[in-house]
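Please keep the sequence and the structure in view while reading.

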Amino acid sequence: MKIKKLPVGIQTFEKIRSDEYLYVDKTEYIYRLVTGGTVYFLSRPRRFGKSLTLSTLDALFSGREDLFKGLYIHDKWDWNRKYPVIRIDWTQITCDTPENLKQSIIKWFKEVAINNGITLSSEFPVDCFRDLIMSLYRKTGERVVILIDEYDVPILDAIGKSGEEIEAMQKALHSIYKVLKGADEYIKFIFLTGISKFAGLSIFSALNSLEDITLRKEYAAICGITQEELESNFSEYLGTTAEKLSITCEELLAEIRQWYNGYSWDGKTSVYNPFSVLLFFNGKEFKSYWFATGTPTFLITLLKERNSVESFLQPVHASEAVFSRYNPERLETIPLLFQTGYLTVKEITRGDDNKLIYRFEPPNEEVRDAFVSHLFGAYSELEVDEMTKLHADMQHQLKTGNSEGLERSLKAMIARVPYQLHIEEEKYYHSLLLVWLHFLGFKPQGEVSTNIGWIDAVWKLPNMTVIAEVKYSAKKTFLGRLLHKASKQIHDRKYYEAWRNEPGKIILVSIAFSGREIACRIEMLNN
């Protein structure tokens with residue numbers, strides 16, 4: 001059987017199905033939507049499959065039966081009825097000012113009209129939208145389907161501008177969205193997607209029957225890839241990737257899970273980032289694919305200004321009210337990090353008052369490492385030449401077994417970390433070491449699994465494999481004892497055995513932290 005192509009960068013359902021790209025069947029969720037209600041809103045981070053969901057709905061209501069053969073919904077849908085579809089993609093509309101938004105959306109409506117053999121003459125967005133809906137209804141005899149992709153783009157683009165500019169943009173959108181309420185009798189189905197559900201935005205108050213399915217458990221996996229879907233749909237890619245990386249499929253699955261799984265909106269159902277999964281199987285290299293598509297400079301700046309980095313470095317608990325506090329004029333840290341995908345719901349419990357309590361954490365290693373690296377870089381403010389020197393120094397210290405020199409480098413690292421970033425826990429120092437190594441250009445792997453335990457960090461250098469074990473204590477007098485414990489663990493568990501047959505030296509690094517005090521030991525094994 002021919003292996004299906006990976007739909008990297010493709011968000012069009014028709015192209016994926018017509019050109020025989022790999023498609024993870026999500027039409028059971030689509031069927032649940034179209035048979036269970038009429039007006040929906042879904043929030044998910046960028047590049048998480050929202051546009052593909054809308055494209056699938058577009059093809060379904062347009063009656064493209066040929067595209068759905070073999071999928072869950074195929075024998076459950078009435079293909080004899082076709083509905084007119086108006087799809088608005090705000091990422092394709094100029095909305096840097098209210099006036100440009102007005103002109104661009106008018107052009108969009110008129111293009112949709114022309115494609116359906118209809119002429120619109122008005123130069124007002126509200127009139128164009130209303131006339132388009134009613135004309136499609138009269139022409140086809142069927143109620144109209146409205147699909148709105150990334151509805152919040154005009155508001156997100158206005159963030160950072162004055163309150164007056166944000167308010168003007170909201171008013172411009174209000175005049176357009178209020179058409180939907182007045183045209184209710186001509187509308188079959190409405191589906192909106194976005195990153196945020198901004199409080200007070202007119203579309204949510206105008207549509208009284210709107211169902212926000214963002215946190216609904218039955219739609220927790222409508223976007224993203226579940227573990228079962230990964231293993232069943234990407235089985236061929238798992239095999240070829242494991243072979244290339246010289247590891248077993250079980251080891252590969254564990255690594256992929258650590259890097260790209262972990263997103264959840266109900267605290268139970270966990271999904272992979274589809275964008276990262278596709279690029280990983282395409283390139284067969286563990287990297288921060290999703291994070292690299294949009295470095296969140298404004299988020300880093302916001303966290304620094306508010307000194308609220310603890311919201312990303314350790315679990316944060318918040319009540320359900322946090323989801324209603326999306327105000328574009330005053331963005332709160334936790335809602336912002338959650339809606340943009342840098343935090344996710346890891347657990348939902350009930351407090352003493354029986355109200356829901358949400359525990360937020362970074363979803364996975366890709367997001368945690370990349371975000372903290374950017375955060376650390378913003379705080380440390382290292383110049384490029386300083387980074388280059390530190391990288392060269394550490395590489396030389398490891399190569400020559402210079403334990404004292406490595407201690408000095410690590411102390412320089414700790415000195416660069418402001419007090420806001422310090423957490424008195426061993427796992428924090430594991431993460432800090434990985435962040436520092438990433439930041440300097442090394443490519444460490446954290447929590448590497450062996451048959452008898454987990455190695456804190458492993459990374460490659462020319463003709464060398466470095467294996468590191470980290471220990472922490474709040475008591476400075478324990479540094480020597482901790483260092484011995486770290487070294488003993490490496491030897492007792494023979495962490496180095498997996499690399500015995502590889503060329504070059506094996507460098508064993510034991511590190512003990514106590515606050516800003518550090519001790520190191522470097523040992524060398526010859527293969």
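Predicted model: local features only at pLDDT ≥ 70, side-chain atom pairs only at ≥ 80, totals over all residues.

Two strands are counted as paired here if DSSP finds at least two bridges between them.

**Strand β3 and its partners**
- Strand β3, which covers residues 144-149, pairs in the parallel sense with β2 (residues 85-89) over five bridges, and β3 also pairs in the parallel sense with β4 (residues 187-194) over five bridges.
- Ile 146 of β3 has Ile 86 standing opposite, while the bridge partner of Ile 146 in β4 is Ile 190.

**Burial of strand β3**
- Six of the six residues of β3 are buried, where buried means under 20% relative accessible area.
- Val 144, Ile 146 and Ile 148 point one way from the strand, whereas Val 145, Leu 147 and Asp 149 point the other way, and all of these residues are buried.

**The open sheet β6-β10-β9**
- Three strands make up an open sheet in the order β6-β10-β9, with antiparallel pairing.
- Because β6 (316-319) and β9 (344-350) stand at the edges with a single partner strand each, one side of each is left without a neighbour in the sheet.
- From one strand to the next, the twist averages 30 degrees.
- Within this sheet, β9 is joined by six bridges to β10 (residues 356-361), the two running antiparallel, and Val 345 has Phe 360 as its bridge partner in β10.

Definitions and conventions:
Residues numbered from 1 in each chain as written. Heavy atoms only, no water. Helix = DSSP H or I, 4+ residues; strand = E, 2+ residues; numbered from the N terminus. Axes fitted to C-alpha atoms, helices over the stretch in contact; angles between N-to-C directions. Buried < 20%, exposed > 50% of the residue type's maximum accessible area, 1.4 Å probe, protein only.
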